[in-house]
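Hi everyone, thanks for coming. Let's have a look at this one together.

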Amino acid sequence: MKRAALALIAASVISGPAAHALSVIPPTFQELVSAADTVVDGTVTGVRTALEQQAGRDIPFTYVTIDVIDTLKGTPGKTIELRIMGGTVGDLTMEIPGVPKFKVGEHDLFFINGNGSTFCPLVAVPHGYYPISKRQSDGAEVVLRSNGAPLETPAQVAEGLH
């Protein structure tokens, strides 16, 4: 019961009363970079959830700590803590489709804007997050899209995630 109510609250907070799912128009690579106030290559070193009061209700938020390896845009410092609506605290769960989930130890590229003031500080939500993985055949680092597909050209940023 709490989960369904939270999903409805999240949908109304994000997109207004007619929302059913999160839909994001994929940006071009130039739009992605332009919209970001911060772009970093980093490692996730912490993931925690906590409740916050929003409109008189307890809403779970996930806090993702990133150790910055390289700054590509902005001046973030050595660590960043992203504040993302959703998560699980006790028996209370809120999940927003399309919002990435993070694990400690992941190496990722993050395109960030509005951290702390939006429901998700990743530019165009799933389009603002690119995992970096080691290719099994030769150990080379490969940039992936949030759906796990390799990102081979900047033009692919503007393609939908299936």
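**A sheet and its pairings**

Let me start with one spot: serine 133 stands opposite valine 142 in E8. Before going on, some housekeeping. This is a predicted model, where local features need pLDDT of at least 70 and side-chain atom pairs count only at pLDDT 80 or more, while totals for chains, interfaces and linings use all residues. Residues are numbered from 1 along each chain as its sequence is written, and side-chain values use heavy atoms, with hydrogens and water left out.

Back to that spot: E7 and E8 pair in the antiparallel sense over three bridges (two strands pair if DSSP finds at least two bridges between them; strands are DSSP runs of E, at least two residues, and helices are runs of H or I, at least four, numbered from the N terminus). E7 and E8 make a hairpin with six residues between them, and glycine 139 in the turn has a positive phi of about 80°.

On E7 there is also E6: four bridges join E6 (residues 107-112) to E7 (residues 129-134), antiparallel again, with histidine 107 opposite isoleucine 132.

So what is the order of the six strands in the open sheet? It reads E3-E2-E1-E6-E7-E8, with antiparallel pairing. Strands E3 (79-85) and E8 (141-143) are at the edges with a single partner strand each, so one side of each has no neighbour in the sheet.

At the E3 end, seven bridges join E2 (residues 57-73) to E3, and threonine 62 has isoleucine 84 as its bridge partner.

Finally, confidence: pLDDT (the predictor's confidence in each residue, from 0 to 100) averages 86 over the chain.
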